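Welcome, and take a moment to get your bearings. Here is a short tour of some helices and a few of their residues.

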Amino acid sequence: AEKATETESGVDVRFDGTALKSCRRRLAAAHLLAGKWIEQARSAPPEVIVEHYKRATMLSPSLDEPFYILGRFYDSLIQAGTSANSRELKSWSSNPKLDFVPLVIANFADALRHGHGLVYEVLPRMLTVWFDFFSHVQKTPSSDGMSVAPEVEKSVRRLSQRALQTLPKYMWMTVLPQLMS
C-alpha cells in the first residue's frame, strides 16, 4: 500500500510501508540520541529527557531499545532519588525511590517483549528493582517518610504478574542463578 504525497514543487513522492517505517525508526533514533545528549550534559530537567524517550517508544513501538533506554533512565532516577543530590527530582516526584519502580518494570518488560538481545542486562536488573521494592514494602519504616502508596504497590504487583505471564519462559531461565542466590 503506497501513499502518494505531493511536495511544494509538484513532484509526486511515493512512500511504501517500509520507507515510512524506516523514517519512523530514524526519527526514533534521533529522539533517543537527543535524550542521551541532554541526559549526559544535564542540560534539562528529567521531564524533557523522558519526553524524548517516550516519543522514541511511540515512533518505534516494536523495537526493544527505546523501552530499555527509558526504563534505564527511570532506574537512574531511582538511584538518584536515594542519593543526597536529588533536589530537582523532589519537584517531579514526592518519592522517586518508589514512584518510578512501576515505570522501570513496565519499560523493561516491554523491552523484553520486543526482543531478547538485552535479556542478560534487563531481566536481572528488573528483578533487582522488583525485589528491592518489595523488601522495602515489607520493612516500611514509618519514621523515614518513605511509605509506599497502595496504588504504587498494586501497580508493581500487576506489572510483575503480567511480566511473568507474557515473557517467554526461556528468558526466565537466564535469571535462575540470581533467583537461587
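In helix 6, Val101, Pro102, Ile105, Ala106, Ala109, Asp110 and Arg113 meet Val152, Ser155, Val156, Leu159, Ser160, Arg162, Ala163 and Thr166 of helix 8, where contact means heavy atoms within 4.5 Å. By class, nine nonpolar, three polar and three charged residues make up this contact of helix 6 with helix 8. Here Ala, Val, Leu, Ile, Met, Phe, Trp, Tyr, Cys and Pro count as nonpolar, Asp, Glu, Lys and Arg as charged, and the others, Gly among them, as polar.

A word on what you are looking at: this is a predicted model, in which local features need pLDDT of at least 70 and side-chain atom pairs count only at pLDDT 80 or more, while totals for chains, interfaces and linings use all residues. Residues are numbered from 1 along each chain as its sequence is written, and side-chain values use heavy atoms, with hydrogens and water left out.

Helices are DSSP runs (H or I, at least four residues) numbered from the N terminus. Axes are lines fitted to C-alpha atoms over the stretch in contact, and angles run from 0 to 180 degrees between N-to-C directions.

| Pair | Angle | Axis distance |
|---|---|---|
| Helix 6 (residues 101-114) and helix 8 (residues 150-166) | about 15° | 9 Å |
| Helix 7 and helix 8 | about 145° | 12 Å |

The crossing of helix 7 and helix 8 is left-handed, meaning that the near helix is turned anticlockwise from the far one by less than a right angle.

Helix 7 has 21 residues and reaches 30 Å from first C-alpha to last, close to the 30 Å expected at 1.5 Å a residue; the expected span is 1.5 Å times one less than the number of residues. Among the buried residues of helix 7 are Met126, Trp130, Phe133, Phe134 and Val137 (buried means under 20% relative accessible area, with a 1.4 Å probe and protein chains only).

Pro124 also sits in helix 7 (residues 119-139). Pro124 and Val175 lie 51 residues apart in sequence, yet 6.2 Å apart in space, C-alpha to C-alpha.

Lastly, His52 belongs to helix 2 (residues 46-59). His52 is buried, at a relative accessible area of 16%.

Terms used:
Helix = DSSP H or I, 4+ residues; strand = E, 2+ residues; numbered from the N terminus. Buried < 20%, exposed > 50% of the residue type's maximum accessible area, 1.4 Å probe, protein only.
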